[in-house]
Amino acid sequence: MQESYLIHTLDLTNFKRYRSGRFQFGPGLNIITGKNGVGKTSILDGIRLLVFGKVYFSPSDKSCISHGENFLRASAQINNTSEESYKLVAKIQVSKSKVLEMDDKKITRLSDYVGTFLSVCISPDDILLVNGQSADRREFLDQAIVQLDKKYTQNLIEYNKIVKHRNALLKRFLKEDRFDDSMLLAYDQKMIELAPYISESRNEFMKEFGAYFQRVYQDISPEKEEVLLRYDSKLLVQSMADLIADYRMKDRMSGRSNVGIHKDELSMELNGRSIKTYGSQGQIKSFVFALKIALFEYFLAKTNKLPILLLDDMFDKLDQSRVEKILKQLNENWGGQVFITDTDKDRIIKFVVDGGKNCKHLHISEDQSIEYIDV
C-alpha cells in the first residue's frame, strides 16, 4: 500500500502578505485561485518550508518575512495513511538561525529531518534548469537526492561549509599577496573525504532517474523526440586528491576553489544536441516539466510514498495542449495531495468538473479574504 502524508491545516504569521492566515486543505487536489499578488504562492512556500526545511518559490527563507517585521512563523498539522499525526513548526528571524520543530521537539540536524516528508515543486522559474547556470542544475540534483539519502545530506552540508572557508582563505592570500599551502591542507583533506560519496551518489541517481525521465518526456511531448541526461564530474575519472593538486596554482591565482563537486554539471540533450542551445521554447518547457514529473514517479518507486506535489502558476505559461496533458496526468495517474495555484478560476474548475477529481477549492480575494468554494 502506498503511503502518503496529508496536510490538513496551515497557519502563517508574518509570511509575506499574510500577517495572520489559516488554511484548510483536502486529501486530494487543492486548487488555490486569485489574482496575481494576493498570496497564492506564499501558501505553497509555507508548505515547502515545513516539509523540506527550505522555501522553493522565493529567493530565500528570510525574504518571506513580512515587510516591517523581524520574524515569521509557519505551522501545519499533517497526518499519514497510518493515521499518525505530526505538528510541524518553522520559525525564522532576521538576525537568528532558522528553527524547525516536529511535535514540539527542535530539529538539531537538518539531515535528520529532510526526507521525512517528500515533495516535488513545479514553477515557471524552473526553466532555469535548462537556461540557467550549472548551479541551478546541481541544485535540482541535490534537492532530489537529499530527500532520499541522509548521509548525502550531511556530506553535502559539510562539503559546502569547507568550500566556503577554503575560498575565504584563498581570497585572503590573494589580498595579502602571499600563499601558505600548509593552511589549506585541513580543508583539502575534508574535501577528499567528502566529495567521492557525493559524486558517486549523483552518478547513481542519474543512471536510475534518466530512464524515468525519458519515459515521462515521451508521454507529454507532442512529438517523439530523443532526450538524454548526463552527469558530468571530473571525479568520475580522477581522484579528488589528484584534482586538488592539479588545480593548486589556479586556485592560488584566482582566489577560489576551482575543482570539486561544486563544479559538476548536468548535461541536457534533445535529439543529440544541447537543448539549451537548440531547443524551442515549447521543447524546453516540456523537458523541464518532464524532469519534475519523473522525479515524482522516481520518489514513489524508491520509497512507496506519494510526494506532496506543488504547482505554481504553470498554466499561465504553457499552451493549451500541454495544459490538457498535465491535467489529464493529474486526474488519471497521481494520487496523494496536490496543490495548484492559478489565476483562471474557470479553467481549473472545468477540469475538476469534467474529470471528477477529489478537490477542494480556495479562492483568495484582493483583500486576502478566503472563500472555500464547493466543487
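These notebook entries record what I looked up in a predicted model.

**Ground rules.** I number residues from 1 along each chain as its sequence is written, and my side-chain values use heavy atoms, with hydrogens and water left out. Because the model is predicted, local features need pLDDT of at least 70 and side-chain atom pairs count only at pLDDT 80 or more, while totals for chains, interfaces and linings use all residues.

**Entry 1: the sheet.** I looked up an open sheet of 3 strands, with the order β9-β10-β11 and antiparallel pairing. Strands (E, at least two residues) and helices (H or I, at least four) are DSSP runs, numbered from the N terminus; two strands pair if DSSP finds at least two bridges between them. β9 (227–232) and β11 (273–274) stand at the edges with a single partner strand each, so one side of each has no neighbour in the sheet. I noted 6 bridges between β9 and β10 (residues 265–270). Across this pair, R230 stands opposite S267, and L228 stands opposite E269.

**Entry 2: the faces of β9.** In a regular strand the side chains alternate between the two faces of the sheet. Buried means under 20% relative accessible area, with a 1.4 Å probe and protein chains only.

**Entry 3: helix α6.** Helix α6 (residues 185–220) lies across β9 and β10 and runs at about 175 degrees to β9. Such angles run from 0 to 180 degrees between N-to-C directions of axes fitted to C-alpha atoms, for helices over the stretch in contact; contact means heavy atoms within 4.5 Å. I also noted a kink of about 35 degrees in α6, centred on F209. The bend at a residue is the angle between axes fitted to the seven residues ending there and the seven starting there.

**Entry 4: the cores.** Which residues touch the most other members of the largest nonpolar core? I found F209 and F287, among 67 residues. Such a core is a set of buried Ala, Val, Leu, Ile, Met, Phe, Trp, Tyr and Cys residues joined through side-chain atoms within 4.5 Å. Helix α10 (residues 281–303) gives the largest share, 13 residues. Apart from this core lies another, of 37 residues, including I7 and I364.

**Entry 5: a hairpin.** I looked up β15 (residues 359–364) and β16 (residues 370–373), which pair in the antiparallel sense over 4 bridges. I364 has I370 as its bridge partner. The hairpin has 5 residues between its strands, and Q368 in the turn has a positive phi of about 70 degrees.

Methods:
Buried means under 20% relative accessible area, exposed over 50%, partly exposed in between (1.4 Å probe, protein chains only).
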